[in-house]
Amino acid sequence: MEVSSETGYFHQYAKKFRRTLTTQEVDQFAALTTDRERFAYVNELKWRVVNELPLEQSSPAKGKCLEKALKHKCEGDRALGDGEWAVALKCYNRAYLLLPEENALEKALLLDNRSQVLLQLTKLDQSLADIDRAIGYGYPPDQLATLWERKARIFQTKKDFKSAVECYDKTIHYLQQYPTGLPPEQLAQKLDDLKKLTDTVYYQYKNVQKYLEPPKGTRSFQPHLDGAVLYDSSETEGRFAKAKAALRPNQLILREKPHAAALLQEYSGTHCSDCFERIEVLYCCPHCVDVVFCSERCERNGCESYHRYECGFLGTLWASGATIVSLLALRIITQKPCAYFEEIRHELPELSASMTDKLPDDDYRKIFNLVTHSDKRTPEDNLVWTLMATMLNTVLRMANYSAAGEENNFLGYLLLHNLQVVNYNAHDVSEVQRKHANEPALSVAVGAALYPLLALFNHSCDPGIVRYFTGTTVHVRTIKNIAAGALIAENYGPLYTRMARSERRQSLATNYKFECGCEACAADWPTCANMNHAVIRFRCTGPDACHRPVLYDLHSSSQGVRCGACGHIVDVGERIRILREANMIGRFNEANHLYQVGMYEQALAKYAAIMLIMDEVLVPPYRDYHMCQQGMRRCCLDMGSCYVSYPASEK
């Protein structure tokens, strides 16, 4: 993948920069052997064309607009009055995004209305959060009694009687302080009713307190790596994952949060910038409209780390044509303070696998030694990639990322290094999308992320695992038997079932700088469309555990076939009988039905059971095995993030 598209201004800037270089300067750059040297050299020369880079003159784009925000609020108020809760929520979300931070009163009133909508949609916790924010923005004191009473009733619904009593007390307090224009008789009656209600709730609290379980905190994420997964290394393969013990189909072997993740521009308004979840209740940056968040927690995570330096620059980076590779390379830096990188600076040249394996995934040293293939790039490629690193470094300087606020060659070198790490090790983060429920789905990339453990899985055109995502979390399951000591391989794009070997190898050599030697390539397995379904590949049953394929033509009347490898005669009739008794077609149809009705775990178990039987009798490649794996892939993808554009009903 490239660092920029041809449609943005960076592409023209790079061409202009290249034209300014003399032949001698190009030769000098080509002779450089390290990324540190390359960055320092290009960073010095880039000032010749710096005025051609719009980023240099841009200032953070606010994008907020009170007039537009109030228009969306009016539309939301109208939908609220008509009981169209989902429409009202969308309008209020849009209004909240556009409201300038200085319009605190308008924000408070908007959040009050959104809280009412969320209450109608039974999103109680989000409704409470909006009430608290409305109060924080300075909601009019003479109307605060309404908010505190709503909070009290929500807590009462949640059976949090202690909090409900506290909120009812607050309601009474504000009614006494600000009578809200009620006639004295009505106010007295209202206060009397509230006091009686408070006493009732307090009585409930005291009576059920001893029976209530202590409140459960938010469950923290627990990473998972199966004990049967072992990381090894060799000169030819680099670092890779292999099976320490035999793995069966449908084993969850890895669950991992990313070291860093970045959304694609087209999903920056619909997905949370921090966790990639679809937005229901919108939170946002106070200063720009380029990112949205799904919760206060994600908003705090984003705005207190990476977004404080990217705020105002995302728009111009998108306009530059910077790809997700460049945005993710920048995010790896901005999510940590500058002092963090300075502190570990001296350790980077001496890192070893035994040391980095013990580090958590959010430690930069964990991903620093991932493959970069910098020695396989042409000088022209290196020049463009280094120039992109200088542009990203300029963003850091303009955002006052480092204390000195100056160009930092060390950070620039890290950015260049990150670009290459991301290009060969990052994964697309996907979401399953379909227009209507029960329709065929499409797996669509919404962003990209770097997973330190997943990045060490090598490629095969016949992979043994499938990956799927919930937000930014990746889950990895096995989709075939993997013998102890065998490579646990994922797939970098081309599958043998869909693409011929020559095309696969060309794609992998171009994008990942290696020639694939997996079993499917070594034996030149046919694509699914070209498989001969009249020939069955039985597994040899010889006493020496040969397990080589024994080919049998279905048109043959022979009951025994000799194995070409060990000479053992395989009883074909017995093998066919086992397959018939296993009722493979019936089981496969059952698994398909379970998938169709949304019982994905049960469908997975069915598919896996079929594959275990097939694996005892048959040797891939063959169509039925592929169909089972496809069924498992579908189940796994639907267990991850899914989105239906037009649900059957929407209230």
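Reader: Does His-271 count as buried or exposed, and why?
Author: This is a predicted model: local features need pLDDT of at least 70, side-chain atom pairs count only at pLDDT 80 or more, and totals for chains, interfaces and linings use all residues. Numbering runs from 1 along each chain as its sequence is written, and side-chain values use heavy atoms, without hydrogens and water. Buried means under 20% relative accessible area, exposed over 50%, partly exposed in between (1.4 Å probe, protein chains only). His-271 has 0% relative accessibility, so the residue counts as buried.

Reader: Which side chain joins that of His-271 in a polar contact of 2.9 Å?
Author: A polar contact is a pair of N or O atoms within 3.5 Å; within protein, one must be able to donate a hydrogen and the other to accept it, and residues adjacent in sequence count only if both atoms are side-chain atoms. The side chain of Thr-270 makes one with His-271 at 2.8 Å. The partner at 2.9 Å is Glu-431.

Reader: In what order do the 4 strands of the open sheet stand?
Author: Strands (E, at least two residues) are DSSP runs, numbered from the N terminus. Two of them pair if DSSP finds at least two bridges between them. Pairing here is antiparallel, and the order is S1-S4-S11-S10.

Reader: Why is one side of S1 and of S10 left without a neighbour in the sheet?
Author: Strand S1 (224–225) and strand S10 (465–470) each have a single partner strand.
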